[in-house]
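Good morning, and thank you for coming. Please look at the sequence and the structure on the screen while I describe a few of the features.

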Amino acid sequence: MKLIFVLSILIGLTLSVQADSLNLSFESNIEPFSRFGVANVELSKSVVFHGQSSLKVADRRSTWDGCQLDLTQFFQQFKKIDHEISMYIFHRSSNPELFRIIAVLQVDKTSQRITLMEKVVMPNTWKKISARFTTTEGPFENVSLLILSPSNHEHDYYVDLLSVVPTEKVLHPGTVLYSSFDGSLDGWQPRGADVNLAIDGTTAKSGSGSLKVRGRTKNWHGAQIDVKNVLQSGKSYEFTVWVYQNSGEDQRITLTMQRKYAGDEETNYDTIVWQRLVPTGKWTEIKGTYSVRLNAIVEELTFYVESPNPTLEYNIDEVMIVDRSVMLVEPEWEIPSLKEVFKDHFRMGVALPYKVLMNPMERKLVVKHFNSITAENEMKPESLLVSIGKYSFLRADEYIRFAEENGMVVRGHTLVWHSQTPEWFFRDETGKFLSKEAMIERMRQYIHDVVGHFKGKIYAWDVVNEAIDPSQPDGYRRSLWYQIIGPEYIELAFRFAHEADPNALLFYNDYNTFEPRKREFIYKLVKGLKEKGVPIHGIGMQQHVCIFDSIAEIDKTIQLFKSIPGIKIHVTELDVSVYRDQTSNYPSLSYELAIEQAHFYRRLFDVYKKHSDAIENVTFWGLKDDYSWKSQRRNDWPLLFDRNYQAKYAYWAIVDPHVLPTPQK
């Protein structure tokens, strides 16, 4: 077997080998480097990340020109390769540029090229890029590395500090809790009176054992551990749990934090990961993040693993909690701000879970990119209602303060909806459904109380949410609102909201607005309300879409909706799933899907910009992939930033699409 690793950037260096690791810096000569294609490769003392010099690649004539590094001698000592390769890159182009690390494998005179990593690098900024390189067993006759800048050949670039380190030796600093269950419960306790925890030596993700959870009779039963003295206020943590179950069918696992701060009236339950699918007979990794509020006095923090199947037996192993600030996982502060890129088109918004407001780094990321925010759940009826006429506005008010402190606007979501409204809200004290007149009065009072509380602070409300059902002959969803009041509840809701805050913009909001039949029902509803003089100002197009959805139909929908006189359009809940069905569950985001998703985003924003005379706000439903509601039930990557805050191709697709690779068919 021949492995040729072409590393298109490195020359002139000091080489340090420590058994299974390799570190290269460019301090003296260029060996063992050579140019790849047509290029000048030399040492440079003018642009340096570390030490006295770096590697400069200049005079390239094509995007395939660069340089290569022969690592054959180093890799010959291994039976198989499983290493992390990293380096720092710098360029002086006036635009962001794409860099690519490629492995070229040569087996019996047949070459195979494998892209290990692609990363967009901003001008005049040293950027660390890294990639994992894994192969089957050798022998390794030849190994080389290649790094290219495939979007543009007219700029020079520089490389410094290249390292090759075994994957298992890549350190993860900041670990504050680690449970391997190799002979010990590691401080874990049963959650539930009859729950039994025991070390299981018959199966493990690694080591000699795992933690078996048995005797569950309720969904909240499981295994728990006290982390009150482990987690610190103002910090964000990454939770990793490996789960195994052998029930014979897929099951769901939830990671939850039981939490109480000083001043809280009651104990709260914060979902870290909600009902992640765990296949039968297979160890599955579940990852999520959790933040402790800045300056909070913690009275209780208990982390536990549960399942909606109350009798499910399962194993957990390799439980790890890592301080993300120590992991040095930070956003790319140097990349363009979304709100600045689109300032001449529309506001850029984001829907936020409450935990973002407790995380200083994430707050800073929101401020960098967005000028409009939406509370993901904290302004929905179930979050505000304590009882009839009694409300809890504490969390919702924090969104207002955050927006006011940072010059943002707030979209209110949502007032009247069939979901996330407690059923008791529709009943009287005896448990019977209210009469039509009583329900109208209760709706009026609720809208006046809530909109009145935020009067002058929320610039736009999703007044009525998802009232259309195209499967019904008249198009109206048969919600409790409809069953008790009739279709006029929609008109009344808008009138009540306008009474409570005459200056707020009022929207009808719905999903799948691009489907022709549903589009027509929404158009007729809003047009009819407008013609009656109902105070409705816009349509919210949720845009929970997939890469196979028709952008042409979205275009037609916007064109139709904006033809209604006086109607504005907000894209209120944007995300783009990579799936084409409801059952697939990919273990990771493939390169091909990432590129396909990016080009979908590019075409979609071309449509948005075309209609920026009507579109005033585009709001993403989530800050990053692992915070998305679509990532809770199965793996999905629907947003612009990955779980480590890094800009994906989807981001560059709408910011600077010239760096995008061509989709592979």
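I begin with a term: helices (H or I, at least four residues) and strands (E, at least two) are DSSP runs, numbered from the N terminus. This is a predicted model, in which local features need pLDDT of at least 70, side-chain atom pairs count only at pLDDT 80 or more, and totals for chains, interfaces and linings use all residues. Residues are numbered from 1 along each chain as its sequence is written, and side-chain values use heavy atoms, with hydrogens and water left out.

Let us start with the backbone. Thr414 belongs to strand β29, residues 409-417, and the peptide bond that leads from His413 to Thr414 is cis, with omega near 0°. Asn124 sits in the loop between β10 (110-121) and β11 (127-134). Although Asn124 is not a glycine, its phi is positive, at about 60°. For context, most residues other than glycine have a negative phi, and most peptide bonds are trans.

I turn now to a sheet. Two strands pair if DSSP finds at least two bridges between them. In which order do the strands of the open five-stranded sheet lie? The order is β15-β18-β23-β20-β21, and the pairing is antiparallel. At the edges are β15 (189-191) and β21 (268-278), each of which pairs on one side only. Neighbouring strands of this sheet are turned by 25° against each other on average, direction ignored. Within the sheet, the antiparallel strands β20 (residues 251-261) and β23 (residues 298-306) are joined by eight bridges. Tyr261, for example, has Val298 in β23 as its bridge partner.

Next, the helices. Two packed helices are described by the angle between their axes and the distance between the axes. Axes here are lines fitted to C-alpha atoms, for helices over the stretch in contact, and angles run from 0 to 180 degrees between N-to-C directions.

Helix α7 (residues 436-453) and helix α9 (residues 488-500) have axes that come within 9 Å and cross at roughly 35°. The crossing is right-handed; a crossing is right-handed if the near helix is turned clockwise from the far one by less than a right angle, and left-handed if anticlockwise. Contact means heavy atoms within 4.5 Å. Among the residues that make it are Ile440, Met443 and Ile447 of α7 and Tyr489, Leu492 and Phe496 of α9.

Helix α10 (residues 516-531) packs against helix α11 (residues 551-561) at an angle of about 10°, and their axes are 11 Å apart. The two helices α10 and α11 are therefore roughly parallel to each other, a label given to angles under 35 degrees. This crossing, too, is right-handed. The contact includes Pro516 and Tyr523 of α10 and Leu560 and Phe561 of α11.

What angle do α11 and helix α12 (residues 591-610) make? The angle is about 15°, with the axes 10 Å apart, and that makes α11 roughly parallel to α12. Here α11 passes α12 in a right-handed crossing. Ile551, Ile554, Asp555 and Ile558 in α11 meet residues of α12 including Phe600, Leu604 and Tyr608.

Finally, the aromatic rings. Rings of Phe, Tyr and Trp (its six-membered ring) pair if their centres lie within 6.5 Å; planes under 30 degrees apart count as stacked, over 60 as edge-to-face and the rest as tilted. By this rule there are 30 aromatic pairs. One of them, Phe90 with Tyr158, is edge-to-face, at 6.0 Å centre to centre and 75° between the planes. Phe90 lies in strand β8 (residues 82-91) and Tyr158 in strand β13 (residues 157-166), so this pair ties together parts that are 68 residues apart in sequence. Thank you for your attention.

Note on methods:
Parallel < 35°, antiparallel > 145°, perpendicular 65-115°, else oblique.
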